[in-house]
Amino acid sequence: YLQLCAEDNMTIANCTTPANFYHLLRRHMKRQHRKPLIVFTPKSLLRHPKAVNTLEDLASGGFQELITDSQVDPKKVTKLVFTSGKFYYDLLLEREKLNREDVALVRVEQLFPLHQEKVAEIIASFPNVKDYIWAQEEPRNMGAWTHMLERLSSVPLQVVSRKRYAVPAAGSSTRFKMRHQAVIDQVF
């Protein structure tokens with residue numbers, strides 16, 4: 001497994017839109033060289049009201065390894081938040097609720113291999129950023145945090161996540177919701 005990762009012979013993705021998932025699968029099948037594809041996709045995105053695309057998005061375009069935030073003015077942004085998967089929609093909902101224009105949410109759709117040049121382009125497009133954050137709903141000792149820390153070493157990256165836990169499940173839905181909201185509150 002480690003040798004496969006070291007030689008860049010696999011792709012690990014966490015798509016947030018149906019079109020991007022479609023284009024990921026399409027790209028994988030059209031490649032001459034077959035390599036393992038690992039996709040994290042929660043069932044909740046199948047019915048999420050914001051996880052939708054037009055037919056045009058499906059018919060044209062291609063897989064986006066990173067999706068930058070086009071809903072905010074880059075000059076107003078002081079906090080750049082990198083995240084992946086369905087947690088993006090939780091952060092987006094909170095940003096809309098708080099009416100925050102100083103926080104940009106960047107979706108990392110392909111976790112491995114991470115396209116460093118595209119990351120650098122996105123970072124450069126937000127000139128007034130003071131805080132760079134990797135936000136994940138998983139505990140700090142799980143998820144993609146350590147992977148992203150190594151690959152985003154060009155900026156002072158901080159993590160916002162749940163505390164370290166031995167198990168991923170909180171044991172009760174009330175406790176989970178409280179911990180989940182605490183992570184979202186810490187981002188904003």
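**Reading strand S4 and its contacts**

Analyst: Strand S4 (residues 79-83) runs parallel to strand S7 (residues 131-139), and four bridges join them. Two strands pair if DSSP finds at least two bridges between them. Across this pairing, Phe82 stands opposite Trp134 in S7.

User: What should I know about the model itself?

Analyst: It is predicted: local features need pLDDT of at least 70, side-chain atom pairs need 80 or more, and totals for chains, interfaces and linings use all residues. Residues are numbered from 1 along each chain as its sequence is written, and side-chain values use heavy atoms, without hydrogens or water.

User: Which strand pairs with S4 over five bridges?

Analyst: Strand S5 (residues 103-108), also in the parallel sense. Lys79 has Val103 as its bridge partner there. The chain gets from S4 to S5 through helix H4 (residues 87-98), in a right-handed β-α-β crossover. Right-handed means that, with the strands pointing away from the viewer, the path from the first strand over the helix to the second runs clockwise.

User: Are the faces of S4 covered or open?

Analyst: In a regular strand the side chains alternate between the two faces of the sheet. In S4 both faces are covered. Lys79, Val81 and Thr83 are buried on one side, Leu80 and Phe82 on the other. Buried means under 20% relative accessible area, exposed over 50%, partly exposed in between (1.4 Å probe, protein chains only).

User: How do I read charge pairs?

Analyst: Side chains of opposite charge can pair when their charged atoms come close. The cut-off for a salt bridge is a side-chain nitrogen of Lys or Arg within 4 Å of a carboxyl oxygen of Asp or Glu. The whole structure has nine. One of them joins Glu65 and Arg27, with the closest N and O atoms 3.5 Å apart. Glu65 lies in the loop between helix H3 (55-59) and strand S3 (66-67) and Arg27 in helix H2 (residues 18-30), so the pair ties together parts 38 residues apart in sequence. Glu65 is buried, at 11% relative accessible area. Arg27, Glu65 and Lys118 are linked in a salt-bridge network.

User: Which salt-bridge partner does Lys86 have?

Analyst: Glu137, with closest N and O atoms 3.5 Å apart. Lys86 sits in the loop between S4 and H4, Glu137 in strand S7, 51 residues apart. Lys86 is partly exposed at 26%, while Glu137 is buried at 17%.

Notes: Helices (H or I, at least four residues) and strands (E, at least two) are DSSP runs, numbered from the N terminus.
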